[in-house]
Amino acid sequence: MSLISLAGELTENGHRLVQRVYYEDTDFSGVVYHARYLHFMERARTDYLRLLGVEQASLAIEGDTEGLVFVVHRMEIDFKLPARMDDILTIETTTERAGGAKMVLQQEIRRDGVLLIAAKVIIAVINGQGRPRRLPEALAIKFLAAGHKTPTRVE
């Protein structure tokens with residue numbers, strides 16, 4: 001299996017990652033525990049960055065004199081339907097906006113095309129001291145070019 005398939009794939013709209021639900025992801029009833037969806041979405045965002053050629057560790061250490069770190073500032077999540085053990089989930093991530101000191105990503109989790117989770121994730125861009133900093137133009141362009149859903153640049 002190639003490393004690219006482990007990291008999902010870039011799509012015309014952003015990124016797609018496929019994950020299986022394991023026993024450890026569920027509560028006593030066999031339904032995915034609500035906090036586990038955050039894990040699935042974090043993995044998808046991390047692999048989206050990876051496939052865009054963005055190495056988070058390098059940005060934090062080697063970026064510029066300030067460094068650059070992405071942190072979740074806010075999430076809005078709609079839990080529509082539950083996933084269960086052994087389900088195969090598809091996590092899709094789309095860049096809505098990128099620029100200034102933030103990015104706005106849309107994430108959806110589906111099972112067989114049926115929407116289970118819809119989330120809006122606002123990512124803050126900070127320096128090594130935890131202060132807001134601008135997203136470099138080259139990175140904003142990578143995120144905005146990853147999809148064709150008419151993303152907008154935020155100043």
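**Entry 1: R97 and its neighbour E96**

I began with R97, which counts as partly exposed because its relative accessibility is 24%. The model I am reading is predicted. I then looked up the partner of R97 and found a salt bridge with E96, in which the closest N and O atoms are 3.7 Å apart. E96 has a relative accessibility of 27%, so I recorded E96 as partly exposed. I also noted a network of salt bridges with shared partners, which joins E9, R16 and E92.

**Entry 2: R16 and E92**

The side chains of R16 and E92 meet in a salt bridge, with 3.6 Å from N to O. R16 belongs to strand β2 (residues 15-20) and E92 to strand β4, so this pair ties together parts that lie 76 residues apart in sequence. R16 is partly exposed, at 29% relative accessibility, and E92 is partly exposed at 27%. As a general point, I wrote down that side chains of opposite charge can pair when their charged atoms come close.

**Entry 3: D47 and R50**

Where in the chain do D47 and R50 lie? I found both in helix α2 (residues 36-51), three residues apart, which is about one turn of the helix. Is D47 buried or exposed? D47 has 10% relative accessibility, and because buried means under 20%, D47 counts as buried. R50, at 45%, counts as partly exposed. A search of the whole structure gave me ten salt bridges.

**Entry 4: T93**

I returned to strand β4 (residues 88-99), where T93 lies. T93 counts as buried because its relative accessibility is 1%. Which side chain makes a polar contact with the side chain of T93? I found that of Q107, at 2.9 Å. Setting aside neighbours within four places in sequence, I listed the residues in contact with T93, among them N13, G14, H15, A44 and Y48. L105 and Q106 are also on that list, as is Q107.

**Entry 5: The chain as a whole**

I closed with the overall fold. The chain has four helices and seven strands, and along the sequence they follow the pattern α-β-β-α-α-β-β-β-β-α-β. Of the 155 residues, 41% are buried. I also looked at contacts between residues at least 6 apart in sequence, and 66% of these join residues at least 24 apart. The chain exposes about 8700 Å², of which carbon and sulfur atoms supply 54%.

Technical notes
Residues numbered from 1 in each chain as written. Predicted model: local features only at pLDDT ≥ 70, side-chain atom pairs only at ≥ 80, totals over all residues. Heavy atoms only, no water. Helix = DSSP H or I, 4+ residues; strand = E, 2+ residues; numbered from the N terminus. Buried < 20%, exposed > 50% of the residue type's maximum accessible area, 1.4 Å probe, protein only. Contact = heavy atoms within 4.5 Å. Areas by Shrake-Rupley, 256 points an atom, 1.4 Å probe, with all protein chains shown as cover. Polar contact = N/O pair within 3.5 Å; in protein donor to acceptor, adjacent residues only side chain to side chain. Salt bridge = Lys/Arg side-chain N within 4 Å of Asp/Glu carboxyl O.
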